Amino acid sequence: MEKIYLDNAATTYLAEEVKKEIASKFEVFGNPSSRHSFGKEARIEVENARDKLANFIGAKSDEIIFTSGATESNNFAIKGVALANPNKKQIIVSAIEHPSIIETCNAMKKQGYKIDIISVDNEGIVKVEELKKKIGKDTLLVSIMHANNEIGTIQPIEEIAKICRAKKVLFHVDAVQSFAKLPINVVSIGVDLLSISGHKINAMKGIGALYVRKGVKISPLINGGGQEDAMRGGTENVLGIVSIAKALDLKRNEFEVRNSRDRMIKEILKISGAQLDGSQSQRIYNNACFSFYGIEGESLQMLLDEEGILISTGSACSSNKLAGSHVLKAIGVNKFYLNGSIRISLDCLKVLTREEENYVVQKIKENVEKLSKISPFKFVEKEK
Amino acid sequence: MKPTTNTYSKEVLEHFSNPRNMGEMNNADAVGEMGNPSCGDVMKIYLKVKDNKIKDIKFQTMGCAAAIATSSMITELAKGKTLEEAEKVTNKDVAESLKGLPPIKMHCSNLAADVLKIAIKNYRKNK
C-alpha cells in the first residue's frame, strides 16, 4: 500500500503541473538583473509571475515582494515596518501565531518593543474586543494569522482589518495556511501586509512573498543589489517564482476535501478519550486536530508511520524545544490531552478514497488503544 | 549523520513496539511514579519483592518511544536482581542497553532508573 501523507500543513509535494512548468524553464538561467537577452528572458518570467500573483490576491504588481519563504516574509513584515517607523514601539499579535511571528516578537522585545499578546477563546478565535482595547498611539502593527497551522481556526480578519483601519494602525496577516485555499482579496479585506508561502501550495520550497500595500513604509532586511525595488536584495529565485505562479492554477477540491475531513472527524471522535481541538465551524477545510486522553503524540505518530500514515503532533516530546504546543495551551486543552495531539492536514488536490479514509480511522483507533493500554492514565467515560 | 529525534536505535524501536512487562500489577508490594502529563512523560513502576529480590516488575508509561523503551528496558534489567543491585542501575545503563538515545531525549525521557529507585524506596518505607 502506498503511504498516506496527511501532513500537508507542514509541506506539500510538487504538483505534476508545477514540475512540468519548472522543467520547461530549466534553460532559463539568466540573471533577471542582467541587461542582455538571457537576463531579459529571466526577467519576463519573474514579472509575469509577479503579475499573476498580484492579480490572484487583488493587489498591484509593485506590491509583491518575493522572499525565501513565509518565515522571511513574517520577519520582514514586523522588522521592516519597525525599521521604517521607529517612533512606534508596540506590536500586537495573537497567542497562537506561528513561531516565525512569536520568535520575531521575542527578538523585538529585546530591542525595547512592547509586545501585547491577545488571548483566544477555546476554539482558538482571537478575542477581538481585547485586541481593540490594546491598540494605542504607540501601536506599530497588529499581526494576526488567517488560518492557524495547528488547529486550523480561521480568524475574523475582515473585522480586525476594519478596527486597524479605523485606528490607523498597520495590519499584517500571515496567510500561509489559507493562501490559495480560501479566497483572499487584500483590498476587500483591507490588509496592509500579507505573508505567502510556496511549498504549502504544491510549489517549491524556498520561495514566498510579502504583499506590502502601496504607501506602507517598510525597510528591507536584506540589502544588496537593488532587486525587488531595492526591498529585498539577492538574485531572484526564478524557478521558485515560476513554481508559485503555476501553483495558482491548480484546482483545489474544497467541497470534497471538506466532506472527507468531516467524515473522518465523525469517526475519530468515536474513539474512547478522543476530542477535537479547535473550532467546529471556523476551521480551514483540510485540517483536523485531535487529542487523546493519557497518551503521547510522538508515540502515536511513530506507530502510524509504521502503518504508512504520516501525520504530525503537537506533543512536547516531538518539538526541538521540548515545550508543548503553545496553541493547544492557549485554547485551554486539559493536561491529560495536551501531549496526545495529532494533526491531520489533507491534500487539497487529490482527495482520499473511502478505503483510505477507513484505513486511517481504523489505524488511529488501534494505535490509540495500544498506547492507552501502556499508559497509567485510563480514560473513564463520564456518566451522562 | 547528525543524530536527531527521528533516529532511534533498532533496540529502542523494538522495545517500543513490543514493550516487556507492561501493565498494571494488582498486588504490588511497592509502586514508584515520576513525571507530569503536562510534560508528556509519566512512568509508573510496580514491584513484587521476595527474599530481597525483585520477583516481578511491571510498568505503565505515558510518553514518547524513548520513554516507553526505557521503561521496558528497566524492567528487564531489574528483574531477578536484589534490591541493592537494582538500585545501582543508572539511567545511563538503561540508555546504553538500548544502544543510545537521541541527545534531546537523554534528559527528558530517560528517567526509568529513577522511577525504579523511588519504587524501591517506597518498598523499604512500607516494609
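Tutor: Two strands count as paired if DSSP finds at least two bridges between them. Helices (H or I, at least four residues) and strands (E, at least two) are DSSP runs, numbered from the N terminus. The model is a predicted one, in which local features need pLDDT of at least 70 and side-chain atom pairs count only at pLDDT 80 or more, while totals for chains, interfaces and linings use all residues. Residues are numbered from 1 along each chain as its sequence is written, with chains lettered from A and ligands numbered from 1 in the order in which they are written.

Student: Which residue in β13(A) is the bridge partner of A:Ser312?

Tutor: The bridge partner of A:Ser312 is A:Arg343. Strand β12(A) and strand β13 (residues 341–345) of chain A run antiparallel and are joined by 2 bridges.

Student: In what order do the 4 strands of that open sheet come?

Tutor: The order is β9-β10-β13-β12 in chain A, with antiparallel pairing. At the edges lie β9 (274–276) and β12 (312–313) of chain A, each of which pairs on one side only. In general, strands of a sheet pair through backbone hydrogen bonds, either parallel or antiparallel.

Student: Where is A:Ser279 found?

Tutor: A:Ser279 is in the loop between β9 and β10 (287–292) of chain A. A residue is buried if 20 or more other C-beta atoms, placed from the backbone, lie within 10 Å of its own, exposed if 12 or fewer, and partly exposed in between. A:Ser279 has 19 C-beta neighbours inside 10 Å and therefore counts as partly exposed.

Student: And which residues does A:Ser279 touch, not counting those up to four places away in sequence?

Tutor: They are A:Glu123, A:Gly124, A:Ile125 and A:Thr153. Contact here requires the C-beta atoms of two residues, placed from the backbone, to lie within 7 Å. A:Thr153 is 126 residues from A:Ser279 along the chain, and their C-alpha atoms are separated by 6.0 Å.

Student: What is the overall make-up of chain A, in helices and strands?

Tutor: Chain A has 14 helices and 13 strands. Its C-alpha trace spans about 70 × 50 × 35 Å along the principal axes. Of its 384 residues, 49% are buried. Among contacts in chain A between residues at least 6 apart in sequence, 72% join residues at least 24 apart.

Student: Turning to chain B, how do its elements run from the N terminus on?

Tutor: They run α-β-β-β-α-α-α-α-α, that is, 6 helices and 3 strands. For the 127 residues of chain B the globule rule gives a radius of gyration near 14 Å, and chain B agrees with 14 Å. The C-alpha atoms of chain B fill a box of roughly 50 × 30 × 20 Å, taken along the principal axes. In chain B, 46% of the 127 residues count as buried.

Student: At what angle do helices α1 and α2 of chain B pack?

Tutor: Helix α1 (residues 10–17) and helix α2 (residues 65–78) of chain B pack at about 80°, with their axes 8 Å apart. Axes are lines fitted to C-alpha atoms, for helices over the stretch in contact, and angles run from 0 to 180 degrees between N-to-C directions. Angles under 35 degrees count as roughly parallel, over 145 as roughly antiparallel, 65 to 115 as roughly perpendicular and the rest as oblique. α1(B) and α2(B) are therefore roughly perpendicular to each other.

Student: Which residues of α1(B) meet α2(B)?

Tutor: B:Val12, B:His15 and B:Phe16 do so, and their counterparts in α2(B) include B:Ile68 and B:Met73. The contact has 7 nonpolar, 2 polar and no charged residues; Ala, Val, Leu, Ile, Met, Phe, Trp, Tyr, Cys and Pro count as nonpolar, Asp, Glu, Lys and Arg as charged, and the others, Gly among them, as polar.

Student: How many residues does each chain give to the contact between them?

Tutor: Chain A gives 19 residues and chain B gives 18 residues. On the side of chain A, the elements giving two or more residues are α11 (297–306) and α13 (335–338).

Student: One last topic: what phi does B:Asn21 have?

Tutor: B:Asn21 has a positive phi of about 50°, although it is not a glycine. Most residues other than glycine have a negative phi. B:Asn21 is found in the loop between α1 and β1 (30–36) of chain B. A:Glu228, in helix α8 (residues 227–230) of chain A, also has a positive phi of about 50°.

Student: Is A:Glu228 buried or exposed?

Tutor: A:Glu228 counts as buried, because 21 C-beta neighbours lie inside 10 Å. B:Asn21 is partly exposed, with 18 other C-beta atoms within 10 Å.

Notes: Rg over C-alpha atoms; globule rule 2.2 N^0.38 Å.
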